[in-house]
Amino acid sequence: GGFLTPTDFADLTSQVNWSGEAGLLGLAVDPDFAVTRHVFLFYSTDDDQRITRLTSNPGFTAMEPGSELVLLSGLPRTANFHKAGELRFHPLDPETLFCSTGDDGEGIGTSGGIPLVQHPDFYHGKILRISKDNGQGVSSNPFWDGDPTSIRSRVWAVGFRNPFRFTFYPGAPIADLLYSSENGDSTDRCSWVLKGSNGAWSAAGDAGGFLNPPDPNHHVMQTLPPSVLGIAIADSGPFAPGGPTLYWANWLSGIRRYHLTGADLDTLTAIPEDGGQVFTDDIVGTDLEFGPDGNLYAAWSNGDDSTGGFFSIWRIRFSGVDPPVAAFSTSPNPPTGPAPLMVSFTDSS
C-alpha cells in the first residue's frame, strides 16, 4: 500500500496514565514542522493532564532525547472519564494551538453559582487556545484578562461535557469557527461553535440547554445516540459529493456523512444516496483525518487500552467511477404497435 513499517517516534509509556478514557489523547504536527520539527501531545498522567511539545531529530525519524517541553499542565484529572483531548491548528492560525478538555466528571460543580464547565476561570469543559511557543493565552481570546498565564486568558469557548474531537473547515477556512463532536449523557451532539460561545452543559444534563443552547453562537446541527467520536470535513473532491461534506463517526454504528448547508455552513443535510444511514458500518473512527493524498484515514481504539498494538488505522479511498447513463435504440422506433409486438433493443450505454 505504499507505507513503510511503523517505528517508535517516542515512548511515553512511563509517564502516561491510560486508565479508562485517559491516556495519550491528542497529537498535532506543527504546520511549520519542516523547520521547527515540533510535535504536540495531549496526555493524562497520574495527577493531571498536560500538553507537551516534542522536537524531532533532523532526520524526522524519532524524538530528540530530552526534548519534551511541558507547555501546559494542571488540566483536570480527578476522574478517568470525560477527558476530551483533541489538539488542532486552525488553517488560518499556525501560531496557536487549540485543545479540548472534558468536564472530568465534575460538570455538576459550580463556583459562584456558575457551573464549572461554563466558568472561564476553570479548565473543565472548555476549548482552549494557547501559544504554541509557551502555552500561554493570547490577547485575541474572548476572555483575555491581560494575564497570559491565567486560565480565562486561555479559554476560547465554554460549556462542554466531553468535546472529544473537533475540526475546522478546510480549503476556504472560516475564522473563529470550529465543528465539535461531543459526548452528552444519553444523546451526543455535533455543533457549530463560534469563539466565546457557551454550549450550556450543566447539572440539568441533556434535558437542559445541551441539545438547544440559548447562545446562538453555539448551534447543535445533529444528534445521535452515544458514542460519537471522530469528525472531519471534505470541501471538494470525491469525498464531497455535491458540496462540502462532514464525516462523523460513531463508536457503535460506523461513519455517517452529511452535506454542510446553510449560508453560514451551520446545518447538516443527509446525503440522499445514504438515506441518512451510515456511509460505512464496518469501520469506525476514534479519530478521522483527511490526509494530504485526499484519502480519509480512521484510527480506532475500541474504547480500550491501545497498548497491545492490535488496533487499526484504516485508509478509505474513493475507487468508484461515474455511474453509467442508460441509452438504447429500438426497432421499430418508436416501439409501438398492435399486440403482439416484437421489439429489438440495441444497447448504446
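1. Strands β2 (residues 38–44) and β3 run antiparallel and are joined by seven bridges. Strands here are DSSP runs of E of at least two residues, numbered from the N terminus, and two strands pair if DSSP finds at least two bridges between them.

2. The model is predicted: local features need pLDDT of at least 70 and side-chain atom pairs count only at pLDDT 80 or more, whereas totals for chains, interfaces and linings use all residues. Residues are numbered from 1 along each chain as its sequence is written, and side-chain values use heavy atoms, with hydrogens and water left out.

3. Strand β3 (residues 49–55) also pairs with β4 (residues 69–75), again antiparallel, through four bridges. Ile51 stands opposite Leu72 of β4. Six of the seven residues of β3 are buried, that is, under 20% relative accessible area (1.4 Å probe, protein chains only).

4. These strands belong to an open sheet of four strands with antiparallel pairing, in the order β1-β2-β3-β4. Because β1 and β4 are the edge strands, each with a single partner, one side of each has no neighbour in the sheet. From one strand to the next, the twist averages 15 degrees, taken between the N-to-C directions of axes fitted to C-alpha atoms, on a scale from 0 to 180 degrees.

5. Which residues of the largest nonpolar core touch the most other members? They are Phe42, Ile51, Leu72, Leu75, Leu87, Leu97 and Leu128, in a core of 18 residues. A nonpolar core is a set of buried Ala, Val, Leu, Ile, Met, Phe, Trp, Tyr and Cys residues joined through side-chain atoms within 4.5 Å. Elements that give two or more residues to this core include β1 (24–29), β5 (87–90), β6 (93–101) and β9 (126–131). The most, three residues, come from β4. A second, separate core has 16 residues, among them Tyr169, Met221, Tyr258 and Leu268.

6. The whole structure contains zero disulfides, a disulfide being a pair of cysteine sulfur atoms within 2.5 Å. Cys99 is buried, at 0% relative accessible area. Cys190 likewise counts as buried, at 0% relative accessibility.

Conventions
Buried < 20%, exposed > 50% of the residue type's maximum accessible area, 1.4 Å probe, protein only.
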